[in-house]
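Please keep the sequence and the structure in view while reading.

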Amino acid sequence: MRIQRSHSQSLQLETIQVNKNAIRVDGHDEEALSSTTTPTEPRRETTSHEKDVVKDIRYVEWEANDPENPFNWPARRKAIISSVTIIMTLFVASSAVCFSWIIPSMERDFNVSRIVATIGQVLFTVGFAIAPMALAPLSEVYGRNSVYYSTYGLFVLLFIPLALSPSFAGLLVLRLLSGIFSSTGSTMVGGTLSDMYISQERGRPMALFSSVTLFGTAFGSIVSAYTTQNPKLGWRWVFWIQLIVNAVLFVVLAVVLRETRGTVLLSRRAAMLRKKTGDSRYMARAELERQSLSILIRHSLTRPFRFLFTEPTIMAFSVWVSFVWGVLYLFLAAIPIVFTQVYGATAASSSLGFLGMVVGTTIGVGLVPFLDGLYNKSAIKQPGGQPRPEARLYGSMVASPLFAVGMLMFGWLAYPRIHWVGVEVGVALASFGIFAIYLAVFNYIADNYGTYASSALAAQSFLRNMFASFFPLFSHQMYESLGVHWASTVLGLTGVLLTAVPYILFFYGPAIRARSKYVLSDA
């Protein structure tokens with residue numbers, strides 16, 4: 001490895017060559033660890049704080065082909081870690097929607113109204129929206145694995161009291177806690193993928209990650225519906241089944257997961273060097289630059305809201321993706337209503353209407369390589385040879401109108417004389433639109449905001465999950481009072497209005513970005 005040595009008096013860096021077995025400094029041999037490090041980022045100017053506090057630092061950084069750098073891991077290891085974390089997202093998404101299928105049982109067993117019973121669905125996504133803003137900074141300090149193990153482990157354990165709860169109030173508290181602890185199973189997985197894949201390789205893994213939320217909505221709905229309607233099982237087994245599958249995944253996770261956050265790995269390596277050599281000057285840059293945990297959490301809680309209300313791009317994207325995400329959760333009421341009232345399906349078989357969601361999302365995932373190709377081709381005409389961020393919007397510019405068309409088809413083809421396949425085509429088109437919009441928002445914000453991407457994404461994630469929380473509160477009443485046709489029309493026409501968002505940003509995005517002090521200058 002190579003270690004950079006910094007002297008505050010001369011402000012010059014001396015590069016010290018190190019082989020696998022020893023560190024040679026000023027003619028003296030010091031025993032080192034078997035791993036290697038080197039700097040890969042440009043030298044930064046020493047801050048006044050470091051001048052006062054640090055007299056001599058030996059920076060521990062990555063070697064260009066360091067095998068311990070997550071970007072250089074074997075493809076097989078990356079694929080295994082990606083697969084396990086993406087499956088975790090699938091299970092979390094399934095848990096998020098399961099409660100909507102046991103609401104009738106809650107009304108019967110606990111003697112509560114439908115609107116009160118729906119709160120169990122609402123609280124999960126409320127916890128899902130708020131928790132990441134406080135939990136995300138923990139991964140920066142303690143690493144992703146520690147946060148995964150603690151939160152996901154608690155999420156798994158909570159299924160036991162959920163299945164045994166004797167009171168509805170207890171269920172509500174447990175659902176809120178479940179939403180809080182499960183949130184890292186979704187929000188942090190994108191960061192894990194970004195830790196291992198460079199931007200040119202990230203398209204397909206990120207698309208799979210984005211898709212499993214919709215797959216999980218369908219999968220969780222079908223399993224929960226049939227479990228609840230089975231007289232030998234009932235609603236408590238909805239939680240027992242989730243306990244079993246998530247407990248198995250937790251064991252797999254504990255076996256195959258590796259820490260992926262590079263700054264944490266370098267900090268650990270520097271700590272090992274200090275212990276091994278007795279030299280306290282070995283430091284990772286992150287150890288000096290990292291703010292206190294309290295400051296990180298404060299920024300994590302406030303900066304996303306500042307972005308949400310001061311950054312036009314974040315505001316527009318957040319409203320756009322939040323609306324379609326709310327519709328995703330509104331489907332939990334709309335699809336059963338259509339298939340039971342229009343086509344005479346049972347409560348359980350109505351859940352099969354979510355298979356259209358699987359079809360639409362699968363088509364979206366299949367088109368990702370083509371969209372990636374368009375994105376990479378946009379670099380040809382760019383002065384710096386970097387792809388144009390607006391090229392991330394091609395898919396959503398087509399998918400957004402298709403979302404509106406899908407909602408109108410879902411409503412106006414819902415007649416007994418028209419085959420149910422027409423309604424399913426509407427569900428598929430709307431789901432394709434939801435997937436493409438979500439993927440475009442995620443990638444566009446990540447491309448534009450650089451080191452502020454986490455805060456920018458947290459802003460839209462918060463609003464998106466809040467919409468998902470409150471849409472179920474009025475979805476059943478909306479479809480019952482307006483009827484399937486006009487309720488779907490209202491949603492479809494709203495989607496038509498929001499279709500302007502990707503087109504405005506495609507043509508005027510550079511000018512809008514130029515006025516932001518947070519957007520990357522070379523984006």
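Which residues are buried in α3? In this model, which is predicted, the buried residues of α3 are Ile-103, Ser-105, Met-106 and Phe-110. Viewed down the axis of α3, these buried residues fall within an arc of 150 degrees, so they line one face of the helix.

The cover over the buried residues of α3 includes α4, α7 (168-182), α10 and α11 (236-256). Just after α3, Asn-111 adopts a positive phi of about 55 degrees.

## The chain as a whole

The protein has 22 helices and six strands, and of its 523 residues 54% count as buried. When contacts between residues at least 6 apart in sequence are considered, 78% of them join residues that are at least 24 apart.

## The nonpolar cores

The largest nonpolar core holds 116 residues, and Phe-239, Phe-331 and Tyr-479 are the ones that touch the most other members. To this core α15 gives the most, with 19 residues. Apart from it lies another core of eight residues, which include Leu-266, Ala-270, Leu-273 and Tyr-282.

Leaving aside neighbours within four places in sequence, Phe-239 is in contact with Cys-98, Phe-99, Ile-102, Phe-159, Leu-162, Ala-163 and Leu-171.

Leu-162, one of the contacts of Phe-239, lies in helix α6, which spans residues 159-164. Is Leu-162 buried or exposed? Leu-162 counts as buried because its relative accessibility is 1%, below the cut-off of 20%. Not counting residues up to four places away in sequence, Leu-162 touches Leu-171, Leu-174, Arg-175, Ser-178, Trp-235, Arg-236 and Phe-239. From C-alpha to C-alpha, Leu-162 and Leu-174 are 6.5 Å apart in space, and in sequence they are twelve residues apart.

Arg-144, in helix α5 (residues 144-157), has a relative accessibility of 8% and therefore also counts as buried. With residues up to four places away in sequence again left out, Arg-144 touches Ser-139, Met-188, Gly-191, Thr-192, Asp-195, Glu-259, Thr-260 and Arg-261. Gly-373, which lies in helix α18 (residues 368-377), is partly exposed, with a relative accessible area of 26%. The C-alpha atoms of Gly-373 and Ala-391 are separated by 9.9 Å, while the two residues are 18 residues apart along the chain.

## The second largest pocket

Rolling a probe the size of a water molecule over the atoms shows where empty space is left. The second largest pocket has a volume of about 430 Å³, and its lining is made up of 26 residues, of which Ser-100, Arg-114, Leu-332, Pro-336 and His-476 lie nearest the centre. By type, the lining residues divide into 13 nonpolar, eleven polar and two charged.

Which helices each supply at least two residues of this lining? They are α3 (103-110), α4 (114-142), α10 (203-229), α15 (312-342), α16 (347-350) and α21 (453-498).

Technical notes:
Residues numbered from 1 in each chain as written. Predicted model: local features only at pLDDT ≥ 70, side-chain atom pairs only at ≥ 80, totals over all residues. Heavy atoms only, no water. 1 Å grid on protein atoms, 1.4 Å probe; cavity = no way out; pocket = protein on both sides within 12 Å on 5 of 7 lines; lining within 4 Å. Points joined across faces, edges and corners; volume = space filled by probe spheres on them. Helix = DSSP H or I, 4+ residues; strand = E, 2+ residues; numbered from the N terminus. Nonpolar A, V, L, I, M, F, W, Y, C, P; charged D, E, K, R; others polar. Core = buried A, V, L, I, M, F, W, Y, C linked by side-chain atoms within 4.5 Å. Buried < 20%, exposed > 50% of the residue type's maximum accessible area, 1.4 Å probe, protein only. Contact = heavy atoms within 4.5 Å. Arc of directions from axis to C-beta.
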